[in-house]
Amino acid sequence: MQAVQREIAQQLKVQAPFPDHAALEEEIARRIRFIQDCLVNSGLKSLVLGISGGVDSLTAGLLAQRAMRELRERSGDDSYRFIAVRLPYETQFDEHDAQASVDFINPDERHTVNIGPAVKALANEVAAFEGQHAVSRDFVLGNTKARMRMVAQYTIAGAAHSLVIGTDHAAEAVMGFFTKFGDGACDLAPLSGLVKNQVRSIARYFGAPESLVEKVPTADLEDLSPGKPDEASHGVTYAEIDAFLHGQPVREEAFKIICDTYRKTHHKRVMPFAP
């Protein structure tokens, strides 16, 4: 079991557990430099990130805002900007958490794009939905919401000459828990390789409210199951996923679920098939 865990962890470039506070600080500084280098090397001056209300976008936003602040201080160039975007589908059930996240990050700019009208307009034009069960239609449109959110972010990024930040990390990557060409699309992924508990540790380092740090993770993409916890979809807990990725013992059932899901979602983690 451990050999399989090590192989998967290596493929996902999983970050080892932080042995102490100094190691946490060092890793945060490394990821901030990564964000800065990506932006400077691109020749652009701003970053765009959708803020959902969950700890992943909160943490990515905190890293991005710190990166921009340091770039401004170091260069004397005030044109470096971080743009936080709210992307609700009509009225989001946990909008208060999303707004609390944006407020805590305190970005240089705030934008809001309601994706509801665009998703509904597209759904009304798709003849393939005819005769489908409501649950199947709801699941497909959940992925459409994720892709529409990324369309909105890239539209803002194009207008503002920006790079788009993604929030994928190792605990989601191993489960393929992202929408292909939706939230899985981005220009840089500063949380890559981290497990869920490490993402939370970084948010805590910045002093984020515990209510946001420990909020139950949810993709919240399905109208028929609003706020459905990620772990209900996984069939395992994030604690088990984290332990698996760090080579620690897990239940045999959890091991099988994670490995099977990893294999089934391989196509999400690679470039499109080509001859």
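This is a predicted model: local features need pLDDT of at least 70, side-chain atom pairs count only at pLDDT 80 or more; totals for chains, interfaces and linings use all residues.
Two strands are taken as paired if DSSP finds at least two bridges between them.

Strand 1, residues 46-50, pairs with strand 2 in the parallel sense, over five bridges.

On to the next pairing. Strand 2 and strand 3 are also parallel, with four bridges between them. Here Ile83 stands opposite Glu109 of strand 3. The chain passes from strand 2 through helix 4 to strand 3, and this β-α-β crossover is right-handed.

Which residues of helix 4 are buried? They are Asp97, Ala98, Ser101, Val102 and Ile105, in a helix that spans residues 95-105. These residues cover an arc of only 135° around the axis, which puts them on the same side of helix 4. What covers the buried residues of helix 4? The covering elements include helix 3 (55-75), strand 2 (81-86), strand 3 (109-112) and helix 9 (210-213). Just after helix 4, Asn106 adopts a positive phi of about 55°.

I now come to the aromatic side chains. The count of aromatic pairs is two. In one of them, the ring centres of Tyr205 and Phe206 are 5.5 Å apart and the planes stand at 90°, so the pair is edge-to-face. Tyr205 has a relative accessibility of 31% and therefore counts as partly exposed. Phe206, by contrast, has a relative accessible area of 15% and is buried.

The other pair is formed by Phe244 and Phe255, and it is tilted, with 5.7 Å from centre to centre and 50° between the planes. This pair links distant parts of the chain: Phe244 belongs to helix 11 (residues 238-245) and Phe255 to helix 12 (residues 252-264), the two being 11 residues apart. Are Phe244 and Phe255 buried or exposed? Phe244 is buried, at 0% relative accessibility. Phe255 is buried as well, at 14%; the cut-off for this class is under 20%.

The charged end of Lys145 sits over the ring of Tyr89, 4.1 Å from its centre. Arg137 lies over the face of Phe129, and its distance from the ring centre is 5.1 Å.

Finally, I would draw attention to another arginine, Arg200, which lies in helix 8, residues 196-205. Is Arg200 buried or exposed? Its relative accessible area is 12%, and Arg200 is therefore buried. Which residues does Arg200 contact, leaving aside its neighbours within four places in sequence? They are Val55, Val213, Glu214, Lys215 and Pro217.

Terms used: Residues are numbered from 1 along each chain as its sequence is written. Side-chain values use heavy atoms; hydrogens and water are left out. Buried means under 20% relative accessible area, exposed over 50%, partly exposed in between (1.4 Å probe, protein chains only). The arc is that of the directions from the helix axis to the C-beta atoms. Contact means heavy atoms within 4.5 Å. A crossover is right-handed if, with the strands pointing away from the viewer, the path from the first strand over the helix to the second runs clockwise. Rings of Phe, Tyr and Trp (its six-membered ring) pair if their centres lie within 6.5 Å; planes under 30 degrees apart count as stacked, over 60 as edge-to-face and the rest as tilted. A charge sits over a ring if NZ of Lys or CZ of Arg is within 6 Å of the ring centre and within 35 degrees of the ring normal.
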